[in-house]
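Open the model in your viewer and keep the selection tool at hand. The stops below run from the whole chain to single residues.

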Amino acid sequence: MRKTMMIVPILFLALILGLSSIFVVDEREKALVLQFGQIKAVKEEPGLAFKIPFIQEVVRYDDRILSLDTDTIEVTPSDDRRLVVDAFARYRIADAVQFRQAVGVGGLRAAEDRLSSILNAQIRAVLGADQVTSDTILSEDRRILMTRIRDQSRELARSIGLEVVDVRLKQTNLPAQNLEATFARMRAEREREAADEIARGNEAAQRVRALADRTVVELVSDAEREAQITRGEADAERNAIFAEAFGADPEFFAFLRSLRAYENSLMAGNSSMVLTPDSEFFDYLKQAERPQPPAPGIAAAQ
């Protein structure tokens, strides 16, 4: 009975010691076995592992890719236009032993503080380098700059056991005190470009109007020339008809011209005419006053 009573505590103690010596490493983490602060073993493969109970302890670190947002900082590119930049990085713990030696008991928080300092220093160094302007940062060359920041930060982060997977610039803005001046300059540039466009448009409009005016003058001149030619041909044809008619019966033609002259000169409202009685202008009127011989038919009837 006494032996049974002694065996139970021994088994219970053995169970406790056994459970205390076993730990599980998850596939998403790495584990370090520490003894009095010294690293005794590194467990990177998932599964069961063992340690000395009560003497050794297990420290676990996340083995996944982690994210870090940096603080907003001001950088000055080579064109002296200050920019406010913030970035984020993707990183992972590559060497758990070196990581523990670098940050100690500070863990991930201390590592992120150091990594943030590294990133900010490299962002200032890359974006403030020669031939890097604000236009370059805001253009497609931004990818090249981010790759350069990542590579330089990766070299420095290895000293604390971290691997920088990627670095991205989230936001690149002008400081608040410079925004209004920049907007004013942009408005002035747009207004100047608009004025240039309006001037070029007015110049083009003047050329079009001048061309149209010249075309109108040319068309009118051509039309008047054609009209003069047509009138000249018509006058020539009329004169030819008159000449032919005059040649056929000159006396009748002279009589017709006299009648037209009488009609035009003796109309009401015309000025008075002062002529000698024996003027040839009144020859046909004088002939009308003379008694005309009766026609043969009328004499026979009498």
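A residue is called buried under 20% relative accessible area, exposed over 50%, and partly exposed in between (1.4 Å probe, protein chains only). Of the 302 residues in this protein, 23% count as buried. The model is predicted: local features need pLDDT of at least 70 and side-chain atom pairs 80 or more, while totals for chains, interfaces and linings use all residues. Residues are numbered from 1 along each chain as its sequence is written, and side-chain values use heavy atoms, without hydrogens and water.

Next, select Leu115, Ile123, Leu127 and Leu162. Within the largest nonpolar core, which has 35 residues, these four touch the most other members. Such a core is a set of buried Ala, Val, Leu, Ile, Met, Phe, Trp, Tyr and Cys residues joined through side-chain atoms within 4.5 Å. Colour domain 1 (19–62) and domain 2 (65–174): both give residues to this core, so the core lies between them. These bounds come from an automatic or database domain assignment.

Stay on Leu115. Which residues does Leu115 touch, not counting those up to four places away in sequence? They are Leu68, Tyr91, Ala157, Ile160, Leu162 and Val164, where contact means heavy atoms within 4.5 Å.

Then select Phe23, Val25, Ala31 and Ala49. They are among the five residues of a second, separate core.

Last, go to Ile52. This residue is in the loop between strand S4 (47–50) and strand S5 (56–62); strands are DSSP runs (E, at least two residues), numbered from the N terminus. Ile52 counts as partly exposed because its relative accessibility is 38%.

Technical notes: Helices (H or I, at least four residues) and strands (E, at least two) are DSSP runs, numbered from the N terminus.
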